[in-house]
Amino acid sequence: MSKYWIKINYLFWLTLHTVFIKLKLQKHLFKNRYGERILVFHGINQNEKNIFNSKFISVSYFEKIIQYLTTHFNVISLDDFYDKKFKKNTLNIAITFDDGYANNYKYAIPILEKYEIPAHFFITTIHQNNDYLWADFIDLVSYFTSKTKIIFDGITYTKSKNDFLSNGMTLKTVLKSHSFDKIKEIYTVFEEDWKDIQQKDLNDYWQLMSLEQIQSIHKNALFSIGSHSHTHSNLCTIPLDEAKKEIVISKFILEEICKTNIKTFAFPFGYYSDELLAYCTSIGFEKILLVDYTTTYGKNNPYTQSRFVINPYISLENQIAFLLKGSYF
Ligand SMILES: [Zn+2]
């Protein structure tokens with residue numbers, strides 16, 4: 001089938017979905033659309049417009065999605081999902097959050113409690129040193145700084161819109177391939193800009209959960225906690241021993257905070273390797289979450305599950321259509 005035909009076919013399918021949803025005829029459309037999905041949310045904020053972080057959604061949109069999921073599908077905990085406690089003839093859904101933003105605590109938790117929806121929170125444990133992630137730091141300083149050029153690792157980057165570029169590569173992409181020891185050198189370059197940003201009322205865009213907030217989530221029977229590494233580096237591009245440290249340190253820190261065994265892990269950016277998967281199971285992780293399966297070992301491993309990432313740039317109708325399809329392609 002030609003690419004052109006696939007596109008036409010797909011646009012027709014999306015339009016049909018939108019019309020059915022608008023006419024409240026979903027039950028006919030969803031017939032025979034059974035299955036299981038684990039969803040990934042990131043940050044939640046009050047603003048309808050996504051200015052700084054490409055993965056955030058608004059509180060109102062979040063509530064609309066949750067309302068829709070509870071009305072039409074069977075939403076279960078991650079534990080029940082792994083135990084295959086599925087209902088027949090419907091879509092079974094588990095909800096996860098990545099990164100450990102304080103905005104999850106502030107905005108998502110009250111909504112999840114209102115609808116009695118279970119969720120699992122994957123926490124990045126760097127919050128003990130810095131209460132922000134390096135990628136959000138880059139997004140925000142790139143947006144606000146008056147600097148037009150910066151030098152990092154001997155390379156000059158020029159500001160272009162809200163990014164810093166060198167030879168067509170963004171600073172954020174370059175940093176993604178480094179370990180945190182290297183990444184954090186960028187903090188001194190933008191030290192003054194970051195001080196200014198912290199004075200602005202923008203905490204919802206960067207602040208990670210406090211220790212008390214993590215403990216409070218852990219104590220709530222509706223919710224559970226897992227690890228999302230220590231510094232949110234790409235575990236596949238940093239040396240293997242450092243990647244293993246990232247995983248084990250985060251497990252140790254969360255176990256200290258929650259006083260329990262932490263048995264779930266989600267790979268930052270979804271990047272994983274078979275060696276790291278085997279390491280995760282060897283240190284006691286029993287539920288290992290990816291975004292897509294990129295290896296046969298990953299796909300056939302009983303501990304791993306792929307996830308479906310919520311897209312902040314599409315309508316609720318299209319989001320549901322893609323969710324039912326199980327992919328964006
Ligand atoms: Zn993440």
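Let's start with helix H11, which spans residues 211-219 and has Gln 213, Ile 214 and Ile 217 as its buried residues. These three cover an arc of only 100° around the axis, which puts them on the same side of H11. The arc is taken from the directions that lead from the helix axis to the C-beta atoms. On the face turned away from that buried side, H11 carries the exposed residues Glu 212 and Lys 219. Here, buried means under 20% relative accessible area, exposed means over 50%, and partly exposed is in between (1.4 Å probe, protein chains only).

What do the buried residues of H11 pack against? Their partners are helix H5 (102-114), strand S6 (119-123), strand S11 (223-227) and helix H12 (240-258). A contact means heavy atoms within 4.5 Å. Helices (H or I, at least four residues) and strands (E, at least two) are DSSP runs, numbered from the N terminus.

## The model as a whole

This is a predicted model, in which local features need pLDDT of at least 70 and side-chain atom pairs count only at pLDDT 80 or more, while totals for chains, interfaces and linings use all residues. Residues are numbered from 1 along each chain as its sequence is written, and side-chain values use heavy atoms, with hydrogens and water left out.

The protein has 15 helices and 15 strands. Of its 329 residues, 50% are buried. Among contacts with a separation of 6 or more, 66% come from residues 24 or more positions apart. The protein exposes about 16100 Å², and carbon and sulfur atoms supply 52% of that area. Accessible areas come from the Shrake-Rupley method with a 1.4 Å probe; for residues, only the protein chains shown count as cover.

Now look inside. The largest nonpolar core has 56 residues, and those with the most contacts inside it are Phe 62, Ile 95, Phe 97, Leu 112, Phe 121 and Phe 267. A second, separate core of 30 residues includes Phe 56, Leu 133, Leu 171 and Leu 202. A nonpolar core is a set of buried Ala, Val, Leu, Ile, Met, Phe, Trp, Tyr and Cys residues joined through side-chain atoms within 4.5 Å.

Leaving aside residues up to four places away in sequence, Phe 97 touches a list of residues that includes Phe 41, Phe 62, Leu 112 and Phe 122. Phe 122 lies in strand S6 and counts as buried because its relative accessibility is 0%. Phe 122 and Phe 265 are 143 residues apart in sequence, yet their C-alpha atoms are 7.2 Å apart in space.

Is helix H6 mostly covered or mostly uncovered? H6 (residues 134-144) is mostly covered, with 9 of its 11 residues buried. Among them are Trp 134, Phe 137, Ile 138 and Leu 140. The buried residues of H6 pack against several elements, including strand S8 (155-160), helix H7 (171-176) and helix H10 (191-199).

At 1% relative accessibility, Ile 65 counts as buried. Apart from residues up to four places away in sequence, Ile 65 touches Phe 41, Ile 57, Ile 310 and Leu 316. Ile 65 and Glu 317 are 252 residues apart along the chain, and their C-alpha atoms are separated by 9.8 Å.

Asp 99 counts as buried at 0% relative accessibility, and His 232 is buried with a relative accessible area of 6%. The loop between S11 and H12 also holds Ser 229, which is buried at 0%. Most residues other than glycine have a negative phi. Phi of Ser 229, however, is near 80°, a positive value, and phi of His 232 is near 65°, also positive.

## Cysteines

How many disulfides does the structure hold? The count is 0, where a disulfide is a pair of cysteine sulfur atoms within 2.5 Å. Cys 258 counts as buried at 7% relative accessibility, and Cys 280 counts as buried at 0%.
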